[in-house]
Amino acid sequence: MTRVWLVDRDVDSRNLVTMTYATPDGEFAFTRQAALDSLARRDGPTAALDVDDDRLDPVDDPETVARYAAEADRVAASHDPDDEL
């Protein structure tokens, strides 16, 4: 298991929320999707998740790696893993 931190969130025109979590170094990411309505009815996304290593995808773009690493560091420094964001 690897701890990943919320680094990006996007809502599309169908009210589908895509949440991207990344490792602290930004090298690997995990994407989760949920309907906006379901997030409103139950607990929202947390600052961090523990994810099986085989569910992580490599991040190939160096700029995205740097952005994810910076955002993961910011989130980790200001939130406990179970904080809702």
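Residues 24 or more positions apart account for 57% of the contacts in the protein with a separation of 6 or more, where contact means heavy atoms within 4.5 Å. The model is a predicted one, in which local features need pLDDT of at least 70, side-chain atom pairs count only at pLDDT 80 or more, and totals for chains, interfaces and linings use all residues. Residues are numbered from 1 along each chain as its sequence is written, and side-chain values use heavy atoms, with hydrogens and water left out.

The secondary structure comprises two helices and five strands, both taken as DSSP runs numbered from the N terminus (helices H or I, at least four residues; strands E, at least two). From the N terminus on, the order of elements is β-β-β-α-β-β-α. The radius of gyration is 12 Å, close to the 12 Å that the globule rule gives for 85 residues, so the protein is as compact as a globular protein of that length. Here the radius is taken over C-alpha atoms, and the rule is 2.2 Å times the number of residues to the power 0.38. Along the principal axes, the C-alpha atoms fill a box of roughly 35 × 25 × 25 Å. Of the 85 residues, 36% count as buried, that is, under 20% relative accessible area with a 1.4 Å probe and protein chains only.

Four bridges join β1 to β4, and the two run antiparallel; strands are said to pair if DSSP finds at least two bridges between them. Within this pairing, Trp-5 has Ala-48 of β4 as its bridge partner. β1 also pairs with β2 in the antiparallel sense, over six bridges, and Leu-6 stands opposite Tyr-21 in β2. The strands β1 and β2 form a hairpin with four residues between them, and Asn-15 in the turn has a positive phi of about 60°.

Next comes Thr-20, which lies in strand β2 (residues 16-22). Thr-20 counts as buried because its relative accessibility is 8%. Leaving aside neighbours within four places in sequence, Thr-20 is in contact with Trp-5, Leu-6, Val-7, Asp-8, Ala-29, Phe-30, Thr-31 and Tyr-68.

Gly-44 sits in the loop between α1 (36-41) and β4 (48-51), and its relative accessibility of 16% is why Gly-44 counts as buried. Gly-44 and Glu-84 are 40 residues apart in sequence, yet 5.8 Å separate them in space, C-alpha to C-alpha.

Definitions and conventions: Buried < 20%, exposed > 50% of the residue type's maximum accessible area, 1.4 Å probe, protein only.
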